[in-house]
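Colleague: I would like to learn how to read a model like this. Can we go through it feature by feature?

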Amino acid sequence: MPLTLLDPETEFTSAPLPGAALHELLAAARRQPGLASVRLLGQPALLVTRFQELKDFMADELAFPGGAVYQYQVEPAVGRTFISMDGDEHLQTRQLAMPAFRSGPVSRFIDDQLVPLAHEVLDRFAAKGEGDLVAELTAVLPFWAISRKLGLPVGSEERQRAVTRALLAHLADPEGARRAADTVDAIVRPVMEQCRHTPQDDVLSHLMAAEHQGLRLDDEGVLSHVRLLYAVGATTTSDAMSNLFRLLLERPELLARARHEPDLRPRLVGEALRFEPPVAVLPRLAPHGGRIGDTEVAPGSLLLAALAGGNRDPEVFADPDRFDPDRSERELLSFGFGPKFCPGWNLARSQLLAALEVVLERLPGLRLVGGPPPQGAILRAVPELHVAWDVG
Ligand code: HEM
């Protein structure tokens, strides 16, 4: 078969690449020698698609520091947080900020708060018998959940979605991002005053009290980290939840098995994260250049880590385009790798599992009516998911 190189003008920002289209493109890039050239926001970028090269590259903090891209993308609106740091500063600030995301506190949160919250969301629509599962559930629950986890009041999910989107869109709309940061501050500051007098078991109180090797966050540091977690904690989980339900509804036999096999449910969540990760492609800068596989990367290059490509590398995953919750390979790249490995992975996976369990319990006979497959080449989600279920 003649080798067709990927078109170097392929623009990743706007390409919808629904369903198999993204995965075919990434497979074509993986087959060609070296790194494929594409574009991001009109700029030339190199696409990394092989599992082992992705791991080596994301672990190599000296050549490819993960914080650099977030200094442009996130820091101007969110403030100085560990996402835009590297090296020791990153490690120490991350350890200071994230203890509330370890498995013990997350399990407590899921049982005590998230499951009741999921029932509250289901109460709003379970009697209808049909609806859009994205609008009713997956675009609601993760937004309510992150507010609760942070210790903030649960407000309107539409407003929270808009604020989150604006906070992360600093490059496209700096003024909108600044306004979104002010909106979050107006929610957080009064709660901070309450926590100063009466600390709670939530992230805000933990951040205010946290101390690691003599390091503490001042008020601006606390605010910045709350803005960060508010912005990144819900969107990715919401997108992953929409992909999970879409993939299962396309496979009614697996949904039926999930009803009777509780042990299958975490494996369905894991396989959905492998098959359609919500962060399909992750941008990185290479300020000093470096080497990825056989390719010498020039200083200042823009790189795209195709996590969705690594998750389907046939060198690692047998029959990678098959959705198979019984597969034995367990390692995924969906939460990244190396020093910036997602600290929210446990909360995210637990939320996906809790949502699946509550849906299985509350929506008998759930079936797909229609809607498009997952789409988006950077962030990937299902925009709508029309379903029906049995009532009465
Ligand atoms: C399914 C849901 C999620 C996915 C797929 C996901 C994916 C990722 C990925 C791929 C990275 C690595 C970024 C990089 O290397 O530059 C990352 C980092 C991060 N994630 Fe997540 N994430 C999810 C949920 C969450 C949640 C629930 C939170 C917090 C509440 C969170 C907070 C963060 C933070 C703060 C970082 C930066 C880590 C650092 O700089 O050390 N994520 N996430």
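Modeller: Start with a definition. Ala, Val, Leu, Ile, Met, Phe, Trp, Tyr, Cys and Pro count as nonpolar, Asp, Glu, Lys and Arg as charged, and the others, Gly among them, as polar. Keep in mind that this is a predicted model.

Colleague: How do the residues of the shell around the ligand divide into these classes?

Modeller: The shell around the ligand has 15 nonpolar, seven polar and two charged residues.

Colleague: Which residues come nearest to the ligand?

Modeller: Of the 24 residues around the ligand, the nearest are Gly233, Gly336, Cys342, Gly344 and Ala348. Two elements give two or more residues to this shell: helix 12 and helix 16 (345-362). Helix 12 provides the largest share, seven residues.

Colleague: Next, helices. What span should helix 1 have?

Modeller: The expected span is 1.5 Å times one less than the number of residues. Helix 1 runs over residues 20-31, so its 12 residues should span 16 Å. Its end C-alpha atoms are 16 Å apart, which agrees.

Colleague: Which residues of helix 1 are buried?

Modeller: Count C-beta atoms: a residue is buried if 20 or more others lie within 10 Å of its own, and exposed if 12 or fewer do. In helix 1, Leu22, His23, Leu25, Leu26, Ala29 and Arg30 are buried. They cover an arc of only 160° around the axis, so they sit on the same side of helix 1. Ala20 and Glu24, on the other side of helix 1, are exposed.

Colleague: What covers the buried residues of helix 1?

Modeller: The cover includes strand 1 (36-40), strand 2 (43-48) and helix 15 (307-310).

Colleague: Which residues of helix 10 are buried, and what covers them?

Modeller: The buried ones are Ala177, Ala180, Ala181, Val184, Val188 and Cys195. Their cover includes helix 4 (75-78), helix 9 (157-167), helix 11 (203-209) and helix 12 (219-249).

Colleague: What is Val191 in contact with?

Modeller: Contact means C-beta atoms within 7 Å. Val191 is found in helix 10. Leaving aside neighbours within four places in sequence, Val191 is in contact with Gly151, Leu152 and Leu204. Val191 and Gly151 are 40 residues apart along the chain, yet their C-alpha atoms are separated by 8.0 Å. Val191 has 18 other C-beta atoms within 10 Å, so it is partly exposed.

Colleague: Now the loops. Is Pro278 buried or exposed?

Modeller: Pro278 is buried, because 26 other C-beta atoms lie within 10 Å. It is in the loop between helix 14 (264-275) and strand 4 (282-286). Beyond its neighbours within four places in sequence, its contacts are Thr236, Asp239, Ala240, Asn243, Leu379, Arg380 and Ala381.

Colleague: What is the phi of Gln213, and what is that of Asp319?

Modeller: Gln213 has a positive phi of about 50°, although it is not a glycine. Gln213 lies in the loop between helix 11 and helix 12. With 7 other C-beta atoms within 10 Å, Gln213 is exposed. Asp319 has a positive phi near 45°, and it too is a residue other than glycine. Asp319 is in the loop between helix 15 and helix 16. Asp319 is exposed, with 9 other C-beta atoms within 10 Å.

Technical notes
Residues are numbered from 1 along each chain as its sequence is written. This is a predicted model: local features need pLDDT of at least 70, side-chain atom pairs count only at pLDDT 80 or more; totals for chains, interfaces and linings use all residues. Helices (H or I, at least four residues) and strands (E, at least two) are DSSP runs, numbered from the N terminus. Two residues are in contact if their C-beta atoms, placed from the backbone, lie within 7 Å. A residue is near a molecule or strand if its C-beta atom, placed from the backbone, lies within 6 Å of it. The arc is that of the directions from the helix axis to the C-beta atoms.
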